[in-house]
Amino acid sequence: MSFYQQMRESYPEGTPMFVYWTIAVLGYVTLYVDFSAYMNIGQGVSLLFGIELEENFNRPYMSASPVEYWKRWHMTLSNWVKEYIYYPVLLKFKNINLAIFVSFMLVGAWHGFKKELFFWVLSWCLYQAIYIYLKDKKIIKMSENYLIRFLYVFFKFQYRRIYWIVFLLFDVF
C-alpha cells in the first residue's frame with residue numbers, strides 16, 4: 001500500500017481541505033529530502049573510491065518556471081533526457097510540445113509503468129505547454145525583480161500542490 005493510500009484511508013470522508021494541503025506540502029519535503037539524501041550518500045560513497053559525482057539538485061523548489069525547475073531537479077537525468085531524447089525529437093519533428101511529451105513519457109516509463117505516472121506526465125506537459133505559450137506571447141517574462149520571481153515560484157508551487165491533492169483525493173496513487 002502506498003504512502004498516499006495510507007494517508008487517504010487515515011482520514012474519514014469530510015476531512016478539511018487544509019489537511020490535504022498540508023499533506024501535499026509535506027509530500028514535497030519528503031520527496032526532496034529522499035532524493036537529495038540518496039544522492040548525498042551516493043556522492044559520499046563514491047568519494048571513498050576516488051570518484052566525484054556531479055551535483056544532482058540545486059534548490060529546485062526555488063525555481064520560478066517549469067523549465068528552470070527541470071534544470072535544477074535530478075540534473076543528471078534531466079541533462080541526459082534533454083540531450084538524447086528532447087533535442088533529437090525536436091529536431092526531427094519541429095514540435096516542442098511533442099518533444100516535451102515524449103521526454104516526459106520516457107522519464108515516466110523509466111520510473112515504472114504506472115497509471116499515476118501517466119497523470120504526472122500529462123500534468124507536467126500541460127504546465128510546460130502553458131508556460132511556453134505564455135512566454136512566447138510575452139504574457140509572462142522572467143524578471144530579476146524579487147517580488148515577480150516570488151510570485152512565479154509561488155504559482156509553480158501551488159500548481160504542483162494542486163496536482164498532488166488531485167492524486168490524493170481521486171485515488172490516482
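Does Arg149 count as buried, partly exposed or exposed, and at what relative accessibility? In this predicted model, Arg149 has a relative accessibility of 24% and therefore counts as partly exposed, since the buried class ends under 20% and the exposed class begins over 50%.

The chain contains seven helices and zero strands, and its pattern along the sequence is α-α-α-α-α-α-α. Of the 173 residues in the chain, 38% are buried. Among contacts in the chain with a separation of 6 or more, 57% are between residues 24 or more positions apart. The mean pLDDT of the chain is 82, with 86% of residues at 70 or more. Confidence is lowest in helix α1 (residues 3-10), where the mean is 63. The highest value belongs to helix α4 (residues 75-93), at 95.

Two salt bridges are present in the structure. One of them links Glu68 to Arg72, with 3.1 Å between the closest N and O atoms. Glu68 and Arg72 both belong to helix α3 (residues 66-72) and are four residues apart, so about one helical turn separates them. Both of these residues are buried. A salt bridge also joins the side chains of Glu68 and Arg149, at an N to O distance of 2.6 Å. Because Glu68 lies in helix α3 and Arg149 in helix α7 (residues 146-169), this pair ties together parts that are 81 residues apart in sequence. The relative accessible area of Glu68 is 16%, so this residue is buried, whereas Arg149, at 24%, is partly exposed. Through shared partners, the salt bridges join Glu68, Arg72 and Arg149 into one network.

Helix packing was examined for α4 and α5. Two packed helices are described by the angle between their axes and by the distance between the axes. The axes of α4 and helix α5 (residues 96-111) come within 8 Å and cross at roughly 140 degrees. This angle makes α4 oblique to α5, because roughly antiparallel applies only to angles over 145 degrees. The crossing of α4 past α5 is right-handed. On the α4 side, the contact is made by Leu77, Val81, Ile85, Tyr86, Val89, Leu90 and Phe93. The α5 side contributes Ile96, Leu98, Ala99, Ile100, Val102, Ser103, Leu106, Val107, Trp110 and His111.

Backbone geometry was considered next. Most residues other than glycine have a negative phi. His74 has a positive phi, near 45 degrees, and is not a glycine. His74 is located in the loop between α3 and α4. With a relative accessible area of 14%, His74 is buried, as the limit for that class is under 20%. A positive phi is also found at Lys94, near 55 degrees, again in a residue other than glycine. Lys94 is situated in the loop between α4 and α5. The relative accessibility of Lys94 is 65%, so this residue counts as exposed.

Gly42 is part of helix α2 (residues 17-48). Its relative accessibility of 28% means that Gly42 counts as partly exposed. Gly42 and Glu52 are ten residues apart along the chain, and their C-alpha atoms are separated by 9.8 Å.

Key:
Residues numbered from 1 in each chain as written. Predicted model: local features only at pLDDT ≥ 70, side-chain atom pairs only at ≥ 80, totals over all residues. Heavy atoms only, no water. Salt bridge = Lys/Arg side-chain N within 4 Å of Asp/Glu carboxyl O. Helix = DSSP H or I, 4+ residues; strand = E, 2+ residues; numbered from the N terminus. Buried < 20%, exposed > 50% of the residue type's maximum accessible area, 1.4 Å probe, protein only. pLDDT = per-residue confidence, 0-100. Axes fitted to C-alpha atoms, helices over the stretch in contact; angles between N-to-C directions. Parallel < 35°, antiparallel > 145°, perpendicular 65-115°, else oblique. Left-handed = near helix turned anticlockwise from the far one by under 90°. Contact = heavy atoms within 4.5 Å.
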